[in-house]
Every structure is written in structure tokens, then in C-alpha cells.
Amino acid sequence: MFIPALAAVAVDATSALRWDSLGLDPIALDLGFFQLRWYSLAYLAGIALGWWYLLKLIERPGAPMARRHADDMVFYATLGILVGGRLGYVLFYRPGFYLENPIEILQLWDGGMSFHGGVIGVSLGILYMARKQGLQWLRIHDYVACCVPFGLFFGRLANFVNGELWGRGPTSVPWAMIFPTGGEIPRHPSQLYEAGLEGLLLGIILWFAFWKTDARYQPGKLVGMFILGYGIARFLVELVRQPDRGLESLPWGLSMGQTLTVPMILGGIYLIATAKSRRQRVESIAGHESVA
């Protein structure tokens, strides 16, 4: 019984697409003394597009902040992404390794970022800026949440280009792929699943909610939709994504990635369910008319 199973895996491996055959290179530009990685460009693209989109959003009546606040927000969000994302990865996924190799915490170019940690970092940045400027922190969260899918989309594509964070295997799906660091095993290209769900689909849902409904006048609704949508997407993808070693199945039966999505799902449900009770007359800071 065991030998036929191995033979089946071998057959699947010969028919699976090899990541090496795609001609991908994690390094976008190599000058010898300086290397620019696609991973870094993904972060830059996500932040730049998110900033551009945020400026479009605050042009609408009833915006919770002015252009000067949005410009400041980009700084705090970027700092929150980098610091929170890295520290989240260190604490949630590989605390033992980084305790023994603390200098490697600073090596962001090698990958290793936690989205959950990034969310915490950005949220703290928003809270600080809102308190400093006397703004409504929850409504700012709503607007920023609509911009995050850009970064998620490019970030997951960068993971694919890096040949990292691949899916579980073996699998017999027609689009199975063999990754160089994943052994001769056909695996799910789970990075692309996440790019499609967390980036494209979630981005479209938030676009519709912002532009075609009155969700932006119900504080907390958009950010609630975001964390609920991300939580569900990540929980499902974790079923076919290979978790970090030792974190595949925790004592309660979930992977670490799934465990971290549970509070997001619950929090998202709460924010959406209570958003209508927070609906208020919104005075525009951006210079447009008031919106009831």
C-alpha cells in the first residue's frame, strides 16, 4: 500500500510545473554592491498605491481627515508595517530562532513578516496620529482598510517570486507546482490563492462597499469587513498552505495562522454588527459639504 502511494506521488511530480522553469528571480536588480529584491519592491508598490488610493477616498464628502493627515498617515502606516510585521513574525512564528540569532531580526530583505503583526503596528500608528490630531480613529481605520489589499496582493506575488511560503503537498491539482525548497513534491501555489483572495477579491468587496453603499458613514463597518474577509480567506488558505515547522497543528487543532485569524473574524463580526448604531452626521474635514 505504501509503495503504490509513493509511485503515485512520483507520477504527479513528473507532471507538475516546476517553479525553476518559470525563470523567476527574487532579485530584481543586481549591481554587485547593491541588490534590489522584488520583495522590497512589493512593499514599495503596495504603500505607494495605497497612498494614492487613500487620497482618492478622502476626496469624497465626509472624509475623516485632510490631505495633510493622509500624508502623515502614510509615514505611521509604513513604520507600523515594518516594525509590527517583523516583530509579529519573530514573536508568533520563530521566537526561539531569533532569540539565538537576534541580529537577524533586522534582515528584512530575507523575508519573514507577519500580517497580523503588521495590522497591530498600523493600528497603533493610526491611534497615535488620531489622538495627536484630534481625529476619529475608527473612521480613519475604515479608510486605511480599503487601501491594504494593494499591499497584500503584491506581497503574496513577491512570496511566489521568492519561491517561499508554498502550499501543502503532495497534491494532484492540475496547477500543482514543485518549489526548489519544497522537495520533489507537487504543492499548492498557495501564495497565488492568497493574492487572489486577500488582494483582488477583498479589494473589490471593499471598493464596492465604499463607493456603492453608505458603509463609510458607519464607523467601523469597512475595517470590520476587511478583518472579517481577511480572517476567513486566511483561515481557508491555511488548509492548503504549509505552516511553519512545529506550528502545523497546535494542541487545539489549528495552525498558528488559523489561530491568529480567530480574533480577527470575531472582531470583524462585532464591528459590522454594531456599525449601524454608530452612524452619525459626518462633518467633512477635507473641505466638502457635510453628509447626514
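1. The structure is a predicted model, in which local features need pLDDT of at least 70 and side-chain atom pairs count only at pLDDT 80 or more, while totals for chains, interfaces and linings use all residues. Residues are numbered from 1 along each chain as its sequence is written, and side-chain values use heavy atoms, with hydrogens and water left out.

2. The protein chain has 10 helices and four strands, where helices (H or I, at least four residues) and strands (E, at least two) are DSSP runs numbered from the N terminus. Along the sequence, their order is α-β-β-β-α-α-α-α-α-α-β-α-α-α.

3. Of the 292 residues in the protein chain, 44% count as buried, meaning under 20% relative accessible area with a 1.4 Å probe, protein chains only.

4. Among contacts (heavy atoms within 4.5 Å) between residues at least 6 apart in sequence, 69% join residues at least 24 apart.

5. Helix α2 (residues 38-57) packs with helix α8 (residues 190-212) at an angle of about 20°, and their axes lie 12 Å apart; the axes are lines fitted to C-alpha atoms over the stretch in contact, and angles run from 0 to 180 degrees between N-to-C directions. That angle makes α2 roughly parallel to α8, a term for angles under 35 degrees.

6. Which residues make this contact? Tyr53, Lys56 and Leu57 take part from α2, and Trp207, Phe210 and Trp211 from α8. By class, the contact of α2 with α8 has five nonpolar, no polar and one charged residues.

Technical notes:
Buried means under 20% relative accessible area, exposed over 50%, partly exposed in between (1.4 Å probe, protein chains only). Angles under 35 degrees count as roughly parallel, over 145 as roughly antiparallel, 65 to 115 as roughly perpendicular and the rest as oblique. Ala, Val, Leu, Ile, Met, Phe, Trp, Tyr, Cys and Pro count as nonpolar, Asp, Glu, Lys and Arg as charged, and the others, Gly among them, as polar.
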